[in-house]
Amino acid sequence: MGVPAANRDGESTPRSPEAKVGMHVENLWDVQEPQLSPTEKLNACFESVPVSDFPTAPSNQVIEIKSDTSLAEAVKILAEHKILSAPVVDVDAPEDASWIDRYIGMVEFAGIVVWILHQSEPSSPRTPSTPSSPSSATAIAAAANGLKGLDLAGLLENGSDFAVPTSGNFFEALTSSEFYKNTQVRDISGSFRWAPFLALQKDNTFLTMLLLLSKYKMKSIPVVDLGEGKIDNIITQAAVIHMLAECAGLQWFESWGTKKLSELGLPLMTADCIVKVYEDEPVLQAFKLMRKKKVGGLPVIESGGSKAVGNISLRDVQFLLTAPEIYHDYRSITAKNFLTAVRSHLQKQHEVYPMLSTMVTCKRDDTIKDLILKLDTEKIHRVYVVGNNGNLEGVITLRDIISRLVHEPRGYFGDFFDGVLPLPQSTRV
């Protein structure tokens with residue numbers, strides 16, 4: 001996969017735009033000073049490649065959402081385009097606004113999770129005490145005007161550690177309410193991760209991009225065209241992993257990719273640190289833990305045991321809002337009921353959805369190359385590390401892999417984050 005092919009003249013020809021980038025890095029690798037370590041060589045190579053060289057994302061994934069878009073429509077857009085987040089355009093910005101004034105942040109499933117958790121809190125005036133009652137939608141709608149200005153990002157820091165159970169028809173009541181339909185993306189701007197908007201310019205380097213996607217925990221980075229004042233590309237962690245997969249076979253990649261996970265200090269998150277939820281706990285507990293512990297997904301563990309029976313990620317919150325009717329027959333939506341209902345729903349829709357169908361695992365003596373190819377093939381964002389007995393020993397994410405590819409030189413970012421950092425810890429996922 002991704003090994004450069006030979007054309008009819010016998011010259012090496014890249015088989016994909018990602019492989020072309022890899023061959024450019026290969027040429028840079030060959031001329032690096034011999035005394036440099038492999039990591040130093042990679043740093044130097046990636047610092048020499050502008051992000052404008054990164055392959056453009058498919059047009060259906062470079063999506064912008066207007067700030068007056070309803071939350072319901074935003075969820076639908078993210079789900080239909082199979083993306084985790086999208087930049088929000090300020091509809092009140094003047095036409096000649098610069099890019100930094102045109103965009104107000106990134107709306108993502110993580111922020112939507114915060115909003116949902118707030119609606120489910122017992123203390124919230126938006127939570128119907130009896131979701132099935134005729135007045136529940138009215139009770140939710142009556143609180144609509146109180147949403148603006150709320151510190152959504154801080155709610156989980158100040159609230160209970162435990163999510164409340166929700167009945168099977170809670171989300172039907174919520175999504176059918178005028179409150180939900182009238183809530184706009186800008187109304188939840190308190191949950192946006194990077195505000196003011198953080199983006200790269202075309203002349204920024206691959207090294208900057210890789211560090212932001214790993215050490216600085218960004219899941220996607222917009223690349224702006226200064227001339228147009230608009231987004232030209234969006235680079236995601238998954239796109240970087242795909243690029244690496246396409247570079248398999250190249251010398252620079254193989255010198256790193258053939259190392260075992262344990263040699264690279266992976267997994268970073270070991271068994272005793274894995275954030276998990278038990279199958280009989282409320283599904284909202286899974287989402288609350290993800291947000292509070294700043295992880296993008298977690299395993300669902302069988303009751304009274306240690307075996308993982310499934311995985312829930314932040315993007316799975318879409319199924320609470322886009323298909324609320326599938327939980328109607330459940331007295332409460334536990335993690336187990338959520339997995340069962342969503343799997344059944346996807347089967348009926350003839351859809352294949354990553355991770356919900358099975359747990360993807362690896363072992364410590366697998367190579368980083370093995371793991372990258374697995375992640376790229378399965379289109380997933382994390383793999384669980386298991387021992388010979390099948391017990392969980394850790395988890396490895398896309399971010400963990402990228403963090404082992406490059407390192408941040410001292411003082412590298414300078415004033416890059418002025419006006420953006422420091423941010424509240426709750427704004428990172």
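Is Lys-217 buried, partly exposed or exposed? I began my notebook with that one, and Lys-217 turns out to be partly exposed, at 25% relative accessibility. A reminder to myself before going on: this is a predicted model.

**Entry 1**

I stayed with Lys-217 and looked up its phi, which is positive at about 60° although the residue is not a glycine. I found Lys-217 in the loop between α10 and β7. For context, most residues other than glycine have a negative phi, and most peptide bonds are trans.

Next I checked Lys-82, where phi is near 55°, again a positive value in a residue other than glycine. Lys-82 sits in the loop between α3 (71-80) and β4 (85-89). I noted a relative accessible area of 67% for Lys-82, and the cut-off for exposed is over 50%, so Lys-82 counts as exposed.

Lys-294, which follows α13, also has a positive phi, near 60°. I then looked for a cis peptide bond and found one joining Leu-266 and Pro-267, with omega at about 5°. Pro-267 belongs to the loop between α12 (251-257) and β9 (269-270).

**Entry 1: a sheet and its helix**

I traced an open sheet of 3 strands, ordered β6-β7-β8, with mixed pairing. β6 (200-201) and β8 (230-236) are the edge strands with a single partner each, so one side of each has no neighbour in the sheet. β6 and β7 (residues 220-225) run parallel and are joined by 2 bridges. I also wrote down that Gln-201 is opposite Val-224 in β7. Helix α10 (residues 206-213) packs on this sheet and touches β6, β7 and β8, with its direction at about 145° to that of β7.

**Entry 2: a covered helix**

How many of the 11 residues of α13 are buried? I got 9 for this helix (residues 283-293), so I filed α13 as mostly covered, taking buried as under 20% relative accessible area. Among the buried residues are Val-283, Phe-287, Lys-288 and Arg-291.

**Entry 3: Ser-332 and its contacts**

I looked up Ser-332 in the loop between α14 (318-322) and α15 (335-348). Its relative accessibility is 26%, which makes Ser-332 partly exposed. Leaving out residues up to four places away in sequence, I listed Thr-166, Ser-167, Gly-168 and Asn-337 as touching Ser-332.

The largest pocket holds about 1200 Å³ of space. I counted 46 lining residues, and Gln-61, Lys-82, Ile-83, Leu-84 and Arg-315 lie nearest its centre. Which element gives the most to this lining? It is α3, with 6 residues. Other elements that each supply at least two residues include β8, α11 (237-246) and α16 (368-378). By class, I recorded 25 nonpolar, 12 polar and 9 charged residues in the lining of the largest pocket.

The second largest pocket has about 520 Å³ of space. Its lining has 31 residues, with Lys-219, Val-295, Gly-296, Arg-382 and Thr-397 closest to the centre. Among the elements giving two or more residues there, I noted α5 (109-120), β11 (297-301) and α17 (398-403). This lining divides into 15 nonpolar, 7 polar and 9 charged residues.

Notes. Residues numbered from 1 in each chain as written. Predicted model: local features only at pLDDT ≥ 70, side-chain atom pairs only at ≥ 80, totals over all residues. Heavy atoms only, no water. Pairing = 2+ DSSP bridges. Helix = DSSP H or I, 4+ residues; strand = E, 2+ residues; numbered from the N terminus. Contact = heavy atoms within 4.5 Å. Axes fitted to C-alpha atoms, helices over the stretch in contact; angles between N-to-C directions. Buried < 20%, exposed > 50% of the residue type's maximum accessible area, 1.4 Å probe, protein only. 1 Å grid on protein atoms, 1.4 Å probe; cavity = no way out; pocket = protein on both sides within 12 Å on 5 of 7 lines; lining within 4 Å. Points joined across faces, edges and corners; volume = space filled by probe spheres on them. Nonpolar A, V, L, I, M, F, W, Y, C, P; charged D, E, K, R; others polar.
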